[in-house]
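Below is a short briefing on a predicted model. The points after the display are grouped by topic.

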Amino acid sequence: MPVTVKIPAQLRPAAGGASEATVEGATVGEALEALYSSHGELRARIAGDDGELRRFVNVFLAGEDIRFLEGLATPVPDDAELTILPAVAGG
Amino acid sequence: MPADALKCKECATTYALEARYVCERCFGPLEVAYAPLGSGADELKRRIQAGPQNLWRYADFLPLDSPPRAALPTGCTPLVRADRLAERLGLREVWVKNETANPTHSFKDRVVSVALARAVELGFGTIACASTGNLANAVAAHAAANGLPAYVFIPADLEAEKILATGAYGAEVVGVRGNYDDVNRLCTELSGEYDGWAFVNVNLRPYYAEGSKTLAYEIAEELGFELPDRVVAPVASGSLFTKVARGFREWIDAGLLAGELPAFNGAQAAGCSPVATAYAAGQDVCRPVKPDTIAKSLAIGNPADGPYAIELARATGGGVDAVTDDEIRAGVRLLAETTGIFTETAGGVTTATLAKLAERGDIDPGERVVVLITGDGLKTLDVVRGTFAVHDIAPRLADFEATVLEGVAA
């Protein structure tokens with residue numbers, strides 16, 4: 001199932017300058033794996049050694065933080081949009 | 001203490017002092033790193049004491065090429081000894097750092113002063129922020145004072161007082177249908193797309209955060225270059241909390257203060273307590289929450305500096321606690337009744353946490369405790385509405401005596 005992954009400005013140099021990528025995957029984790037297989041440099045930036053997201057990386061599915069859903073196991077519907085963003089806050 | 005790089009707090013990769021906030025290698029947050037001080041403690045103290053009556057007196061410890069002339073002077077707020085509050089809580093020495101005395105009535109004037117000054121040095125022409133309200137006020141006011149256009153992004157359901165007090169300065173106010181974390185996510189995306197925009201708490205965040213250190217410097221200076229034993233401070237993103245500690249640490253290292261870091265107690269609202277929850281569970285990663293609290297200025301469900309706040313609380317023998325909305329209202333009241341300082345809900349969170357620590361016996365009666373009151377009660381008036389009655393009388397002496405005096409005596 002095609003999924004669009006939006007790549008933040010900070011990671012574009014590691015993705016050949018692309019601001020988004022279309023990948024196949026039934027879950028968030030599968031979609032990210034597919035992203036890493038086309039842009040190998042991204043894996044170490046996004047995931048820790050245990051395969052989970054690094055603690056300052058946020059991934060949103062249709063605007064919702066995947067940690068409110070089922071994390072990397074969250075199913076992604078057809079034509080879904082995943083957004084990767086750094087954690088930053090302070091109001 | 002000249003700034004010499006931005007450095008990743010996670011993997012220590014360094015970057016030039018640009019508008020950059022996240023490590024490209026590991027996505028960790030960047031922080032300003034400084035070269036060693038070229039001056040001894042006596043000389044530093046002389047320079048501080050000869051400086052202006054605002055936060056630029058601490059320019060030696062801030063990441064600017066040269067301190068600007070203050071267009072809207074900020075800082076040097078009163079540190080008030082609160083003996084009646086202490087007595088009510090069975091404590092001996094409590095001090096209140098009254099940040100309502102800043103130009104837009106919250107500590108956010110500090111972080112905005114530093115971020116805006118750096119943004120100007122870096123050549124930015126537009127100032128912006130994602131805000132729970134106080135930051136919006138400060139960005140709008142300081143942008144106006146410096147003649148720069150401002151865009152502030154806020155959750156659409158923010159308190160009316162904070163929205164009105166932002167628009168008054170001529171800023172473009174953007175109400176986002178969502179909570180603060182949604183606003184923040186949008187601004188993080190926007191900051192990657194609009195190169196000429198300085199989002200003070202996104203792409204200028206390393207500089208912005210440094211402004212909070214000036215709270216520590218002022219407290220120490222107001223105590224006669226001494227350290228408190230304990231600091232009770234609100235925790236939203238965790239930035240203020242950790243930077244106040246960094247301020248004390250820098251002055252200890254510079255020889256301006258003798259002793260150890262105070263115990264740091266963080267205060268959260270129970271309706272948005274990802275840091276207190278992780279602390280209580282012994283974890284260091286904060287699971288994000290959907291905020292539901294009257295303390296909207298602390299309603300950050302996904303706190304970026306949460307892990308560092310927890311580390312600090314553990315390392316200093318402090319803690320992180322959460323208090324309910326009713327306790328927050330009681331905290332606002334307690335502070336107002338005993339000190340004459342009317343705080344917004346965030347200060348109610350802090351005061352209620354102080355009361356909880358005192359009640360639990362966590363504070364040694366001999367300790368010198370400083371409480372950070374970060375914002376003004378006039379911005380969250382709804383929480384005191386209906387908590388007292390106005391005496392309604394005719395303009396006659398007899399009615400006054402019958403209605404008011406006999407009522408109060410009864």
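In chain B, Thr126(B) stands opposite Trp197(B) in β9(B). The two strands concerned, β6 (residues 126-130) and β9(B), pair in the parallel sense over three bridges; strands pair if DSSP finds at least two bridges between them. Helices (H or I, at least four residues) and strands (E, at least two) are DSSP runs, numbered from the N terminus.

This is a predicted model, in which local features need pLDDT of at least 70 and side-chain atom pairs count only at pLDDT 80 or more, while totals for chains, interfaces and linings use all residues. Residues are numbered from 1 along each chain as its sequence is written, and chains are lettered from A and ligands numbered from 1 in the order in which they are written.

**Parallel sheet of chain B**

- The open sheet holding β6(B) and β9(B) has four strands in the order β8-β7-β6-β9, with parallel pairing.
- β8 (172-176) and β9 (197-199) of chain B are at the edges with a single partner strand each, so one side of each has no neighbour in the sheet.
- On average, neighbouring strands of this sheet are turned by 20° against each other, direction ignored.
- Helix α6 (residues 180-193) of chain B packs on the sheet and touches β6, β7 (150-155), β8 and β9 of chain B. The direction of α6(B) makes about 145° with that of β7(B).
- For such angles, axes are lines fitted to C-alpha atoms, for helices over the stretch in contact, and the angles run from 0 to 180 degrees between N-to-C directions. Two residues are in contact if their C-beta atoms, placed from the backbone, lie within 7 Å.

**Antiparallel strands of chain B**

- Strand β1 (residues 3-8) of chain B is joined by five bridges to strand β3 (residues 30-34) of chain B, and the two run antiparallel. Opposite Cys8(B) stands Leu30(B) in β3(B).
- β1(B) also pairs in the antiparallel sense with strand β2 (residues 14-15) of chain B, over two bridges. Here Lys7(B) stands opposite Thr14(B) in β2(B).
- The hairpin of β1(B) and β2(B) has five residues between the strands, and in this hairpin Ala12(B) takes a positive phi near 70°.

**Domains of chain B**

- The domain assignment gives domain 1 (79-105 + 212-383) and domain 2 (108-211) in chain B; such bounds come from an automatic or database domain assignment.
- The C-alpha centres of domain 1 and domain 2 of chain B lie 24 Å apart.
- In chain B, 23 residues of domain 1 are in contact with 20 residues of domain 2.
- On the domain 1 side, the elements that give two or more residues are α8 (213-222) and α9 (239-253) of chain B. α8(B) gives the most to that side, with three residues.
- The residues on the domain 1 side divide into seven nonpolar, ten polar and six charged. Ala, Val, Leu, Ile, Met, Phe, Trp, Tyr, Cys and Pro count as nonpolar, Asp, Glu, Lys and Arg as charged, and the others, Gly among them, as polar.

**Helices of chain B**

- In α8(B), nine of its ten residues are buried, among them Lys213(B), Tyr217(B) and Glu221(B). A residue is buried if 20 or more other C-beta atoms, placed from the backbone, lie within 10 Å of its own.
- The axes of helix α12 (residues 325-339) and helix α13 (residues 345-360) of chain B come within 7 Å and cross at roughly 90°. That makes α12(B) roughly perpendicular to α13(B), a term used for 65 to 115 degrees.
- The residues of this contact divide into eight nonpolar, five polar and two charged. Those in α12(B) include Glu327(B) and Arg329(B), and those in α13(B) include Thr345(B) and Ala355(B).

- Five strands of chain A form an open sheet in the order β2-β1-β5-β3-β4, with mixed pairing. The edge strands β2 (20-24) and β4 (64-65) of chain A each pair on one side only.
- Strand β3 (residues 57-61) of chain A and β4(A) run antiparallel and are joined by two bridges. The bridge partner of Phe60(A) in β4(A) is Asp65(A).
- Helix α1 (residues 28-38) of chain A lies across β1 (2-6), β2, β3 and β5 (81-86) of chain A, running at about 115° to β2(A).
- 19 residues of chain A are in contact with 33 residues of chain B. β3 and β5 of chain A each supply at least two residues of the chain A side, which divides into eleven nonpolar, three polar and five charged residues.

Note on methods:
Parallel < 35°, antiparallel > 145°, perpendicular 65-115°, else oblique. Buried ≥ 20, exposed ≤ 12 C-beta atoms within 10 Å, placed from the backbone.
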